[in-house]
Amino acid sequence: PDIQNFFLRTSVLHRLNAELCAEVAGIPDSEAILEQLSNEGLFLFELDRKRQWFRYHHLFGEFLLSEFRSREPGRHRDLSLKAANWFAGRGNLHEAIDYYLQAEEFETAVKHIVADVSRIVQYEGNHEVLLRWVEKLPQRYLRAEPKLAICYAWTLIFTRNLDQADHLPAEDAGDGDRQYDWIRWNIDMLDATHDVMCGKVLSARDKTERWLNVWPDGPLFEKGVVLGVNGAACIQTLDFKAARRVLRDGKIALGDSEAEYGVTWTSFLYALVLIRQGQIRESKHLLKASLQGANRIMGSHSLASALLKLGLAYACYETNDLEEAAEYLDKSFFSIEEHGLVDTAHIAFLTKSRLLLREGRAAESMTVLYDAEGFGQRLHLFHYGTTIVVERIRRLILDGRTDDARELFAEYGFPDADTDT
């Protein structure tokens, strides 16, 4: 009976250790049960070398949870709440929040989310964490918490859910003037960020310059982001001198506010300027140094690490280090939908397409360009498709297919389509 009760009651847990199981299941000899199950190789995966943490095989865990809900329908919430309090008592708020949401203790979950959401999303770029939490929250809690709503809008923008992000939080004075200022700083910052992500670079540049004029003494994090967005817009308008200046200032502001993902982002943009100006070796040095720091602080599988690897793939291609370029691209291409910037999508698709072409895989190379066009259309990225179409036209000309190039030129409404190519 103890083993059966152990199985059923611990089915609410995403991972198990002896102390947690004893607390949740109310079975004092949980350690011995886990040891027995582990030694017999039954139903458990070991999650660490010390054999302290385990999880159930997925199908078995789903079966147990279904059985538990069927046999004791009122207990799932109580045991989930026990797990939440156990993790909270040990300072593991991420897992505590997961269990508070599982227990439908929404007020407690929101209190913990709001206390930490800026660090999680804006400073560290852990967008998937907030998306997971918001999915489980009733919408009224999102509307009632300006800080949560703003950080959610931030996450939607950086994960390219741009249609949802159009519904920015309503302006609310909140509890006082400082709260109102914070909301205004962030709404205007998000508005400009949204524009640069969509390719509306002139609008983004105008809005960021207005932000800096209105709030010259604004908080460091918001100021650093605004400077970064301004720098991204300067890159796309080929104003590299201005881009270098504002990106340097933005990186300093984000570094002083300990926003590690922001530091990575501005470093990537600065390296992009260097590449565009022909200083490719300097860009590689900057990207590799930044990658070491990002791997150390945020991990080699972080979004920050992937962004820098994408930059290195581009730089290595430009220096004809094709194997190294392909290696970096393989480790970063998956992340293009999560970085937001139009430039990152251009770099990823064009580098991948050109590498395939250099390998003699022309058909696959052109397919990547078609995929790139679809990507831009799906996300409504302004002016994004022009670069991809120009690349397609260039390929057709190189293949001697001048008539096809002219036809494509005319199809997309470029001027002077009848002139010699």
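Cys316 has a relative accessibility of 0%, so this residue counts as buried. Cys234 is buried too, because its relative accessibility is 0%. What is the count of disulfides here? The count comes to 0 disulfides. Please keep in mind that this is a predicted model.

**Around Ala243**

Cys234 also turns up among the contacts of Ala243, which touches Gly231, Cys234, Ile235 and Val273 when residues up to four places away in sequence are left aside. Ala243 sits in helix α15, which covers residues 240-256. With a relative accessible area of 0%, Ala243 falls under the 20% cut-off and is therefore buried.

**Around Arg395**

Is Arg395 buried or exposed? Arg395 counts as buried, because its relative accessibility is 4%. This arginine belongs to helix α23, made up of residues 384-398. Beyond the residues up to four places away in sequence, Arg395 touches Ser353, Arg354, Leu357, Ser365, Met366 and Leu369.

| Residue | Relative accessibility |
|---|---|
| Cys234 | 0% |
| Ala243 | 0% |
| Cys316 | 0% |
| Arg395 | 4% |

In soluble globular proteins, nonpolar side chains tend to be buried together. In this model, the largest nonpolar core holds 130 residues, and Phe6, Leu13 and Leu130 have the most contacts inside it. Another core, of 5 residues, lies apart from that one, and its members include Val389, Ile393, Leu396 and Ala405. Which residues does Phe6 touch, not counting those up to four places away in sequence? The partners of Phe6 are Leu16, Cys21, Ile27, Ser30, Ile33, Leu34, Leu37 and Tyr56.

**How confident is the prediction?**

The mean pLDDT of the protein is 85, with 90% of the residues reaching 70 or more. Among the elements, helix α15 has the highest mean pLDDT, at 96; this is the helix in which Ala243 is placed. At the other end of the scale, helix α11 (residues 162-165) has the lowest mean pLDDT, 60. Over residues 417-421 pLDDT stays under 50, and the model has 9 contacts beyond four places in sequence for this stretch.

Key:
Residues numbered from 1 in each chain as written. Predicted model: local features only at pLDDT ≥ 70, side-chain atom pairs only at ≥ 80, totals over all residues. Heavy atoms only, no water. Disulfide = S-S within 2.5 Å. Buried < 20%, exposed > 50% of the residue type's maximum accessible area, 1.4 Å probe, protein only. Helix = DSSP H or I, 4+ residues; strand = E, 2+ residues; numbered from the N terminus. Contact = heavy atoms within 4.5 Å. Core = buried A, V, L, I, M, F, W, Y, C linked by side-chain atoms within 4.5 Å. pLDDT = per-residue confidence, 0-100.
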